[in-house]
Amino acid sequence: MLTVLSSFDDPLSKNNPQSLRTWHDSLAESIRDPEVLLAKLGLPPEYLAPARAAAQLFPLRVPLSFVARMQAGDPNDPLLRQVLPIQHELQATAGFTTDAVGDCSSRRAPGLLHKYHGRALLIVTGSCAVHCRYCFRRHYPYESEPRRLDDWKPAWDLLEADQSIHEVLLSGGDPMMLTDGRLKALIERLAEIPHVKRLRIHSRLPIVLPDRITAPLLELLTGTRLTPIMVVHANHPQEIVNDCDEALRKLVRAGITTLNQTVLLQGINDRVETLENLSERLIDTGVIPYYLHQLDRVDGAAHFEVSTATGCELIKQLQKRLPGYAVPRYVQEIEGAAHKIGVEAD
Ligand SMILES: *Cc1c(COP(=O)(O)O)cnc(C)c1O
Ligand code: SF4
């Protein structure tokens, strides 16, 4: 029964039912070589050496669906900038560390983080379909998380013993990298814990690998006694088109509460028009803008940082342009705090 968490998932497992072929194929076609990405977008070879060097620290990975939404020939394309390794990542910057949000100190058992009242988070896999260069867990010690079946026992025991936990978040890495079979076993195990009411899944797959949203997956998410909540992660309006737009609508039509979180990123979405368009596209597909995150100060991501003064000004402008529900809450994660903290103008 617990096979779901017995190991870090092999997304190319041969045991998948036929219905999962499509997204596994899409995943297998992802680009991992900077040279291939640059060639596909018609970008000059001068980007190659720094990309290769920075990819040594955190490899390039991007699905073709996401690449298809990039503008060929534009080195500053906002989607490309999220995934292309560059020279800046190699520079150490004071204040930027490998565990920017105190994940390690909130680890209660292998695979289980518990920071906030009523909610616990499971790190169910270390893998992602895309490698976001600003990722706050780009240095997370995934290799020390559970691999074998027995390793998960302390996490289950803790969840069962703590009646204050009403919501379990699946995170990673990206929890939707798990096969449906593994997700199902995991969800069934959680549903056995009476005080757990809600299942929240934090995934970027609906955005970067929309094929992942299949009919069997939707059945699985809606067929449990747990109330499902999906939190996706899009940063730019250009991401919410075509197959991605369709995948989000499928989630919403299935009755799954779907929220989006965005990371405020220099040169990518730090203009009011960009954030406004992003919110508009999201609400037009039925997705509620949830959080705008101040960048976590993770080593290698300093060049993405936008000042909180700018962030506050952007929110002020958004409030003038959008319905209240379409303005995300601008938050920051502060180590040791009881919840994500709203960023206020100084
Ligand atoms: C962000 C986070 C949550 C969820 O916080 P919300 O404010 O409810 O979205 C839960 N657990 C951990 C460890 C987190 O980092
Ligand atoms: S999908 Fe999420 S966890 Fe994975 S690299 Fe991107 S930000 Fe990090």
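This is a short tour of the model, stop by stop, with something to select at each one.

Before you start, know that this is a predicted model, where local features need pLDDT of at least 70, side-chain atom pairs count only at pLDDT 80 or more, and totals for chains, interfaces and linings use all residues. Residues are numbered from 1 along each chain as its sequence is written, chains are lettered from A and ligands numbered from 1 in the order in which they are written, and side-chain values use heavy atoms, with hydrogens and water left out.

**Stop 1: the two domains**

Color 11-15 + 95-342 as domain 1 and 23-90 as domain 2; these bounds come from an automatic or database domain assignment. Their centres, taken over C-alpha atoms, are 23 Å apart. Where they touch, domain 1 gives 37 residues and domain 2 gives 31 (contact means heavy atoms within 4.5 Å).

**Stop 2: the interface**

About 2,800 Å² is buried between the two domains, and carbon and sulfur atoms give 58% of that. Buried area is the accessible area (1.4 Å probe) that two parts lose on being put together, summed over both. Now select His131, Arg133 and Gln238: they supply 25% of the area that domain 1 buries against domain 2, more than any other three residues.

How many salt bridges cross this interface? The rule finds one, counting a side-chain nitrogen of Lys or Arg within 4 Å of a carboxyl oxygen of Asp or Glu. Zoom in on glutamate 89 and arginine 133, whose side chains meet in a salt bridge at 2.9 Å, N to O. Why might such side chains pair up? Side chains of opposite charge can do so when their charged atoms come close.

**Stop 3: ligand 1**

Select ligand 1 and show what surrounds it: Lys115, Tyr116, Arg119, Leu121, Leu169, Arg200, Tyr290, Tyr291, Glu333 and Lys340. To be on that list, a residue needs a heavy atom within 4 Å of the ligand. A polar side-chain atom of arginine 119 sits 2.6 Å from an oxygen atom of ligand 1. For tyrosine 290, a side-chain N or O atom is 2.7 Å from a ligand oxygen, and for tyrosine 291 the value is 2.6 Å.

**Stop 4**

Hop over to ligand 2, which has Cys128, Val130, Cys132, Cys135, Gly173, Arg204 and His233 around it. Next, click on Gly173 and step back one residue: a cis peptide bond joins glycine 172 and glycine 173, with omega about 20 degrees. Most peptide bonds are trans. Glycine 173 belongs to the loop between strand E4 (167-171) and helix H7 (180-191). Helices (H or I, at least four residues) and strands (E, at least two) are DSSP runs, numbered from the N terminus.

**Stop 5: a positive phi**

Go to asparagine 242, in helix H10. Its phi is near 50 degrees, a positive value in a residue other than glycine. Most residues other than glycine have a negative phi.

**Stop 6**

Arginine 212 is in the loop between H8 and helix H9 (215-222), while aspartate 180 is in helix H7, so the pair links distant parts of the chain, 32 residues apart.

Conventions: Polar contact = N/O pair within 3.5 Å; in protein donor to acceptor, adjacent residues only side chain to side chain.
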